[in-house]
Amino acid sequence: MTEKKRNQSEARRVAKLAYPYPGCCLCGQTVGEELAHLDHEASNNDPDNLAWLCNHHHWMYDVGLFSLTALKLQRAHWQELKGKRTNAFMKDAGKKAAATRAANAVAKLRSEAAHKAVATRRANA
């Protein structure tokens, strides 16, 4: 029986053809990008077994902090977005933060006025 050997250059070639948009498919980081073999078998260069990850997320996947299904879904999503980072949840963060600060300032003023009114009533009683 012949053992299949690791061929990293072939794995990179396959991955670049299958997943042309660069960057970690979880965070978009391109510095320190690594090619992960999802089944942990370095000789398996099937495109479905490969994913581009930053070294941090590669380590997290290797220790079991991400499921295989979740990683494959995110990999597909990253390629669908053509490697562009988006964060719909943060789209209006600045406006929302400003509105919250304004609401808190009004509430603080009302609270101060209420404390002052209570103190005045007590002093006059």
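In which helix does Ala11 lie, and which residues does that helix span?

A: Ala11 lies in helix 1, which runs over residues 8-18; helices (H or I, at least four residues) and strands (E, at least two) are DSSP runs numbered from the N terminus. The model is a predicted one, in which local features need pLDDT of at least 70 and side-chain atom pairs count only at pLDDT 80 or more, whereas totals for chains, interfaces and linings use all residues. Residues are numbered from 1 along each chain as its sequence is written, and side-chain values use heavy atoms, with hydrogens and water left out.

Ala11 counts as buried because its relative accessibility is 0%, where buried means under 20% relative accessible area, exposed over 50%, and partly exposed in between (1.4 Å probe, protein chains only). Leaving aside residues up to four places away in sequence, Ala11 touches Leu35, His37, Asn45 and Leu50, a contact being heavy atoms within 4.5 Å.

His37 belongs to strand 1 (33-37), which is among the elements covering the buried residues of helix 2, together with strand 2 and helix 3. Those buried residues are His57, His58, Met60 and Tyr61. They cover an arc of only 165° around the axis, so they sit on the same side of helix 2, the arc being that of the directions from the helix axis to the C-beta atoms. Just after helix 2, Gly64 takes a positive phi of about 95°, and in the loop between strand 1 and strand 2 the phi of His40, which is not a glycine, is near 65°. Most residues other than glycine have a negative phi.

Helix 3 buries Leu71, Arg75, Trp78 and Gln79. Viewed down the axis, these buried residues fall within an arc of 95°, and therefore line one face of helix 3. They pack against strand 2 (50-54) and helix 2 (55-62), while the face turned away from this buried side carries the exposed residues Thr69, Leu73 and Glu80. The 13 residues of helix 3 should span 18 Å at 1.5 Å a residue, and the end C-alpha atoms are 18 Å apart, which agrees; the expected span is 1.5 Å times one less than the number of residues.

Helix 3 (residues 68-80) also gives the largest share, three residues, of the lining of the largest cavity. That cavity holds about 30 Å³ of space, and its lining consists of Tyr19, Tyr21, Gly23, Cys25, Trp52, Arg75, Trp78 and Gln79. On a 1 Å grid over the protein atoms alone, a cavity is a set of points where a 1.4 Å probe fits but cannot get out, and lining residues have an atom within 4 Å of a point. Grid points are joined across faces, edges and corners, and a volume is the space filled by probe spheres set on the points.

Just after helix 3, Lys82 takes a positive phi of about 60°, and at 52% relative accessibility Lys82 counts as exposed. Its place is in the loop between helix 3 and helix 4 (93-124).

Notes
On a 1 Å grid over the protein atoms alone, a cavity is a set of points where a 1.4 Å probe fits but cannot get out, and a pocket is an open set with protein on both sides within 12 Å along at least five of seven lines; lining residues have an atom within 4 Å of a point.
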